[in-house]
Structure formats: C-alpha cells, structure tokens
Amino acid sequence: MNTELSSKERVLKFFAREEIDRLPVFSGYGNVTVHGLEKYGWNFAQIHVDAHKMASMAASTPQLFGLECAVVPFDMGVEAEALGAGVNFYSHHTDIVYPTITKKVSETVAGLDLQVPSDMAKAGRIPLVVDAIRQLKAEVGDQVAIGAWVLGPYTLAGQLVDIGDLAKMAFKKKAMVDGVLDKLADVLIDISRIYREAGADYITVREMGAGPDILSPRIFKTLIRPHLEKVFKGLDSPKILHMCGDTNTIVEEMALCGADAVSVDQVNDVAESRKKLGSNVCILGNIDPYKVIVTGKPEDVDNAVKEAVANGVNAIWPGCDIFPTAPKENMLALIAATQKYGKLESC
C-alpha cells in the first residue's frame, strides 16, 4: 500500500484486519503529558473533574507529538466512584498525583452490598467522561481514534473492597467472589456501551489486578477468564484486553477471553507470547512507559520500538499509562521509531 493513511484510518483498519501502510502507535489508557498541561496552564488535579479540560488534555498528546489516539479517562477511580467508593483528587497538589480510592464500599467481600445505580449514564463521573468523549469526537475525532477504558471485574472489585480480603476469598469462597464479579461484569458492559455510544472508537478492559504476579494461572482460568469472556461478549469491536505483569503463563488464556487484541506490559516476553499464540492473535505492547519513555533517552526509545517489532507486536503500544513527565524528545522518538521500523501489515 503506497497511500499514507490518516492516524484514525490506520488504527481502525488495523482492528478490522485490513491492509495498513505501517504499524499504528497508540494506547488504550492514559497518555497525557505535562507539556499539554503547560500548554493550557492547568494542574493535573483539574483534568479529572472537568470534561473540557479532560478532553483538551487527551487531545493535546496527538496534537503535540502525533500519537495516534486520544484516550479518556486518566484515573482508575471512575467506576468505583460511580458504585459508591470515595475518591481523593488531591486538588491541593500542584504536582502529578493520581486520584486514589480513599473509602471502600466495604472492607470485606462478604459485607459488600453492591448497589448498582439504575442509570449508570448518570452515576458519578460517568457523565463527565461521556461529555469529554463527545468533545474529543468533535475536536479531533476525524483525525485520530478516540479510546476509552474500564477496569476488569476483578480489578474493580479490588477498588470496592479490601484487596487482601478479595484475594483470600478468591481461594476460600470462590462462589461468593464469582457472584460479585458477575454483577461487576454487567456494570462494565453497561459503562463501555455508554462510552461507545458517546463516540469512543475502541474500548480497553484493564484487568491489571488479576495477573500471575497476584493470582495463580489456575485461578485466572477458573475465576477471572469466565467474567472477562462475559464482558467481551457484551462489547462491540474493537475491544482490547490489557493485563500487567509477566503474563506469559496466562497469555493463551487471555487470547480466549474474546478481545480483538491482547495488550501486554514491559515484563512480558513478547517473542515467547508470539510463539504461544501464533500469527493470528494481535499483540499490543510492550514499550516500558517509565524506564524507556520517561527516564530513557531517544535512542532507548528507538531501540525498544525496534525490539518490539522484531519480537512480533502488531502495534506499538505502551505497557501501561505513560507517566506525564515524559520528555518531548522521547515522545517524538516513539512516533519516529514506529515510522522507521513499523512497515508491516496488520495482524
């Protein structure tokens, strides 16, 4: 293919498994930078609670550097807050501090009385994220793909109850945890549909709290995978599953969850995952978002992209959220290296 595609065309054709001119370079989660904040004179705390600021900051990364997406939200508290958890936005801070859950809905799984709002579109900050997606669609939606993300059922459960009790109950009271995860799967399907209806082009489900570093591969297969299958069955494509940690022991299970692509982080051995999955599964990853993109040099970024392509990724994609202090030269190097090494076809 000789005709250069637009960023949006490249990403959407990639997911449709159509011919593309090169690998896309994009993300399924936060990629805002301090350079965008400086452009507008805002502080980090403001962009989580104001739809216009959220949209403008998401748009700033493709505008400043050429990343082929604009993604919201930026913090992990949106779904939990909508279900009754308390969130601290650290509004008094002027530096980079991400919102955190400060009040669980319940300390224990047994004590969790999950009250799901009758209209999730009006719950918590869901309307704010929807507004931001609509603004993004109007501002840059004809140029770049608009992404949104939700937590996976188990990771969301860990935001609602004590994570230690959740892990213990996953072993001791599997049926009880199953019931919670089944309800949360429905919630996440609902929220994802709301985001898609607002204009999101693709959805990433981030089940980072259920990787092999935390739960055994057996627990993933019997407890986590069935609920991820339910979520992905309820979502329209494009849809991505992301998990943190060394996922090589479960990557085949990940591929069976029903997503269009699996996203792996920097400690995953992509070459090994590619051997296990064959050529038909899309693998996104696995550029180190901090050690390479933030604290590395442009040549480190270049080498990381070259290695990821050689190992078999289908798109250049950070292993997790890009921390906002990423230097300009490294962000530009990420795009330049993809253009240099990514002259391959879609998965």
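Buried, in my notes, means under 20% relative accessible area, and by that cut-off I count Cys 244, at 19%, as buried. I keep in mind throughout that this is a predicted model.

**Entry on cysteines**

I looked up the disulfides and found that the structure holds zero of them. Cys 69 is in no disulfide, and the nearest cysteine sulfur, that of Cys 320, is 14 Å away. I also noted that Cys 69 has 0% relative accessibility and therefore counts as buried.

**Entry on salt bridges**

I turned next to charged side chains, and the structure holds 16 salt bridges.

Where do the two partners, Arg 125 and Glu 81, lie? Arg 125 is in the loop between β3 (100-103) and α5 (126-140), while Glu 81 belongs to helix α4 (residues 78-82), so the pair ties together parts that are 44 residues apart in sequence.

**Entry on pairs within a helix**

I went on to Asp 178 and Lys 174, whose side chains form a salt bridge at 2.8 Å, N to O. Both residues lie in helix α8 (residues 174-198), four residues apart, which I noted as about one turn of the helix. Asp 178 counts as buried at 19% relative accessibility, but Lys 174 is partly exposed, with a relative accessible area of 30%.

I also looked at Lys 276, which forms a salt bridge with Glu 272, and the closest N and O atoms there are 3.4 Å apart. Because Lys 276 and Glu 272 are four residues apart in helix α11 (residues 270-277), about one helical turn separates them. Lys 276 is partly exposed, with a relative accessible area of 33%, and Glu 272 is partly exposed too, at 31%.

**Entry on a network**

Which residues are linked in a network of salt bridges? I wrote down Arg 10, Asp 21, Arg 22 and Glu 68 as residues joined in this way.

Terms used. Residues numbered from 1 in each chain as written. Predicted model: local features only at pLDDT ≥ 70, side-chain atom pairs only at ≥ 80, totals over all residues. Heavy atoms only, no water. Disulfide = S-S within 2.5 Å. Buried < 20%, exposed > 50% of the residue type's maximum accessible area, 1.4 Å probe, protein only. Salt bridge = Lys/Arg side-chain N within 4 Å of Asp/Glu carboxyl O. Helix = DSSP H or I, 4+ residues; strand = E, 2+ residues; numbered from the N terminus.
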